[in-house]
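The sequence and the structure are shown first.

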Amino acid sequence: IKDMADDEAIQATNDDASECKRYAVQLGYWCDPFISLFVKQTARKAPEINRGYYARVKGIELFVDKFLKLSGGKGQIINLGCGFDTLYWRLREAGNSSANFVELDFPSITAKKCYHIKKHKQLIDMLNTEDGEIRFSTTELHAANYHLVGTDLRHIAELNNKLTQAEVNFNLPTMFLAECVLVYVDASATSSLLKWLAGKFSNSLFVSYEQVNMKDKFGQVMLSNLRSRGCLLAGVEDCESLETQQRRFTINNWEGTSAWTMVEVYDSLPVMDRNRIEHIELLDERELLIQLLQHYCIAIAWNGQTFKNLSIAQG
Ligand code: SAM
């Protein structure tokens, strides 16, 4: 029962993320015409939080763009713990799709996502349907190059089946995205997942957005950081530092890895864009933003030559 309560609390973190994103979009931090189709409420947040979300979304987009360029339209994107992420529709709108786009989350979340997609013609119309067919169930949706499937990332055999059903080709260049997800998965399940993916996909890029620098000056994991919305952050031990974030890839057979705090990611974003968003809301204490950004990072890992040594440098 405790595990089920934890799983429910974990699933609720998607509401938080989506509501925060919707609020920042409403204020004009970035453009996303689709998020309001998935979430009606907004969560009013402080300026530093909105800027943090801006850096998170732009930081991930940076690697998505690099992946799409390097894979030359032949790549597939697999969004682990996708929640209500609108990336697929944002890419379609920008005319930048991947060969296949697969989204995975607990069935209770994919059921809600399916419901919202079915309800909005605008979302359905943007699904690529070469053969004119979209297959729906309560928890899953399959179109020509978009698949939404319900699964628990801790169960590898089921994941394997679901990826096959989603027409994933294990030989194509593949990008995995885990945005604020692995921290909710315990360390041994994350290890199994990363090891399995490394063995299955020889030409791949993993992009992970996570908490980092979670220990205080006495070396203790900060207690307030152990729980988020009532659920245990099971993977928090891997969030100690950039090195521990990278190590979990290397010990699980990924060939190379890099990691940056969100301070570095934020500072690498184009000056014009930063100037624009810094004028949306006043932030008297820049220190508040820095403190927040220091506790999050983007860690990447790659297998094969195509995505070797990618960095946060623009262009
Ligand atoms: N990636 C989305 C984003 O950034 O907007 C959602 C982030 S939300 C904080 C974390 C998501 O990970 C939730 O939707 C949750 O259900 C999913 N998740 C956590 N553990 C999972 C697991 N074991 N299997 C599948 N999904 C999981």
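A residue is counted as buried if 20 or more other C-beta atoms lie within 10 Å of its own, with C-beta atoms placed from the backbone. The model discussed here is predicted.

**Strand E6**

Strand E6, spanning residues 174–179, is mostly covered, and six of its six residues are buried. The burial extends to both faces of E6: Thr174, Phe176 and Ala178 are buried on one side, and Met175, Leu177 and Glu179 are buried on the other. Glu179 also belongs to the ligand's surroundings, as one of the closest residues.

**The sheet**

The open sheet has nine strands in the order E3-E4-E5-E2-E1-E6-E7-E11-E10, and its pairing is mixed. Strands E3 (135–136) and E10 (256–261) form the edges, each pairing on one side only. Helix H5 (residues 107–119) packs on the sheet and touches E2, E3, strand E4 (141–142) and strand E5 (146–150). The direction of H5 makes about 140° with that of E5.

| Strand pair | Bridges | Direction |
|---|---|---|
| E1 (residues 76–80) and E6 | five bridges | parallel |
| E6 and E7 (residues 204–211) | six bridges | parallel |
| E1 and E2 (residues 100–105) | five bridges | parallel |

Leu80 stands opposite Ala178 in E6, Met175 has Leu205 in E7 as its bridge partner, and Ile77 stands opposite Phe101 in E2.

**Gln76**

Gln76 lies in strand E1. Is this residue, Gln76, buried or exposed? Gln76 has 26 other C-beta atoms within 10 Å, and the criterion for burial is 20 or more; Gln76 is therefore buried. Beyond its neighbours within four places in sequence, Gln76 is in contact with Ser98, Ala99, Asn100, Val102, Val168, Asn169, Leu172 and Thr174. The C-alpha atom of Gln76 is separated by 26 Å from that of Lys119, a residue 43 residues away along the chain.

**The ligand shell**

The ligand is surrounded by 20 residues, of which Asn14, Gly81, Gly83, Leu153 and Glu179 are the closest.

Key
Residues numbered from 1 in each chain as written. Predicted model: local features only at pLDDT ≥ 70, side-chain atom pairs only at ≥ 80, totals over all residues. Near = placed C-beta within 6 Å. Buried ≥ 20, exposed ≤ 12 C-beta atoms within 10 Å, placed from the backbone. Helix = DSSP H or I, 4+ residues; strand = E, 2+ residues; numbered from the N terminus. Pairing = 2+ DSSP bridges. Contact = placed C-beta atoms within 7 Å. Axes fitted to C-alpha atoms, helices over the stretch in contact; angles between N-to-C directions.
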